[in-house]
Amino acid sequence: MPDAAKSATLAERLLAGDKRALARAITLIESDDPAGWELVREVYPRTGKARIVGFTGPPGVGKSTLIGALTGELRKADREVAVLSIDPSSPFTRGALLGDRIRLSEHFLDSGVFIRSMASRGALGGLSEAALQVALVMDAAGKDDVLIETVGVGQAEIDIVDHADTIVLALMPGSGDSIQALKAGVMEIPDVIVVNKADHPMTDTMIREVRGVLSLSHDPAGWKVPILRTEATRREGVEELAARIDEHRAFIEAAGTLGDRRARNLRSEVLGIATARMRRRLERVVAEDPETAELLDRVVSRELDPASAAAELLERHVDD
Ligand SMILES: Nc1nc2c(ncn2[C@@H]2O[C@H](COP(=O)(O)OP(=O)(O)OP(=O)(O)O)[C@@H](O)[C@H]2O)c(=O)[nH]1
Ligand SMILES: [Mg+2]
């Protein structure tokens, strides 16, 4: 099996922290190459050491700039850092990847920093799935911190950072939509909130609003979500951000919730992968099976309602 032999050496190189092996591994995962899945299977028992921090927030609030500055802080502490920027490829974020590269460019020559961007893999819901696999290989490669950036204000985007140990929500003065999303419970309460661009005159108003929303929520374990004010371009407040992330990590470890959180995230990951595969399978059936096509035609012609058609579809192709 030349393939197996190839992935075995790749796994060894990856575990030894070889940067090129890591880059290769990510490419395999991104292109949905079976060798990528095989590789993750091999190295998985050696993962779980990295600290995974997810950064989310609306477009342009300064997530990449913050991550760039935070990476500088982490490097001071001699930690190895991997950054994964995810572009869910909504039309309004098209420029994000290029922007990220510029924002993080000061770290390109540092061998202790690995930076990778990942764009959407289409409509099949495979992005979140691939993101975890990538985080796993970064972890396997011995990174101390895996920082995942994703644009978003709603639940769909949060899913991508679901496997983070600590979730940082970045906002800026005027991010009203996010406040609404938090208030409405569309967005889960993050672990740390950063109000970036604190050079903006509306910063205090924003912080008050965030505090107002947080006062309505309560963490059963007793974590009090810090609201930080940063100016990422000048690195203002970034040292404190690093400290709060450390603190959150120590808190969930001490409270015993890190294990729970990881168990929950991994469970949801398994379900996510299974769901994505199931959906792909059903899409294939719909495209290839004339009987199923006919079932859908009957929905279009109002003979059969959508729920009954779905039940029939599942009965035929899943419940066996
Ligand atoms: N005035 C000011 N500008 C900032 C600050 N932080 C970031 N910016 C600028 O805001 C712009 C967007 O920053 P990014 O770091 O790319 O923001 P992002 O959230 O990663 O953006 P997307 O990935 O496109 O969603 C850039 O022009 C930054 O230089 C800040 O604290 N103050
Ligand atoms: Mg960005």
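A residue is called buried if 20 or more other C-beta atoms lie within 10 Å of its own, exposed if 12 or fewer, and partly exposed in between, with C-beta atoms placed from the backbone. Keep that in mind as we walk through this predicted model, in which local features need pLDDT of at least 70, side-chain atom pairs count only at pLDDT 80 or more, and totals for chains, interfaces and linings use all residues. Residues are numbered from 1 along each chain as its sequence is written, while chains are lettered from A and ligands numbered from 1 in the order in which they are written.

**The chain as a whole**

The chain has 13 helices and 7 strands. Helices (H or I, at least four residues) and strands (E, at least two) are DSSP runs, numbered from the N terminus. Of the 320 residues, 38% count as buried. Two residues are in contact if their C-beta atoms, placed from the backbone, lie within 7 Å. Among contacts between residues at least 6 apart in sequence, 74% join residues at least 24 apart.

**A covered strand**

Let us start with strand β4, residues 145-151, where 7 of 7 residues are buried. In a regular strand the side chains alternate between the two faces of the sheet. In β4, Asp145, Leu147, Glu149 and Val151 point one way, while Val146, Ile148 and Thr150 point the other way. All of these residues are buried.

Which strands pair with β4? Two strands pair if DSSP finds at least two bridges between them. Strand β1 (residues 51-57) runs parallel to β4 and is joined to it by 7 bridges; here Gly54 stands opposite Ile148. Strand β2 (residues 81-87) also pairs with β4 in the parallel sense, over 6 bridges, and Val83 has Leu147 as its bridge partner.

**Two helix pairs**

Two packed helices are described by the angle between their axes and the distance between the axes. The axes are lines fitted to C-alpha atoms, for helices over the stretch in contact, and angles run from 0 to 180 degrees between N-to-C directions.

| Helix pair | Angle | Axis distance |
|---|---|---|
| α2 (residues 19-30) and α3 (residues 34-43) | about 125 degrees | 7 Å |
| α12 (residues 290-300) and α13 (residues 306-317) | about 170 degrees | 9 Å |

Angles under 35 degrees count as roughly parallel, over 145 as roughly antiparallel, 65 to 115 as roughly perpendicular and the rest as oblique. Helices α2 and α3 are therefore oblique to each other, and α12 and α13 are therefore roughly antiparallel.

Where α2 meets α3, Ala25, Leu28 and Ile29 face Ala35, Gly36 and Leu39. This contact has 5 nonpolar residues, 1 polar and no charged. For these classes, Ala, Val, Leu, Ile, Met, Phe, Trp, Tyr, Cys and Pro count as nonpolar, Asp, Glu, Lys and Arg as charged, and the others, Gly among them, as polar.

In the other pair, Thr292, Leu295, Leu296 and Val299 of α12 meet Pro306, Ala309, Glu312 and Leu313 of α13. By class, that contact holds 6 nonpolar, 1 polar and 1 charged residues.

**Two loop residues to look up**

Most residues other than glycine have a negative phi, and most peptide bonds are trans. Asp78 has a positive phi, near 65 degrees, and sits in the loop between α4 (63-76) and β2. Is Asp78 buried or exposed? Asp78 is exposed, with 8 other C-beta atoms within 10 Å.

Arg235 also has a positive phi near 65 degrees. You will find Arg235 in the loop between β7 (227-229) and α10 (238-254), where Arg235 is partly exposed, with 17 other C-beta atoms within 10 Å.
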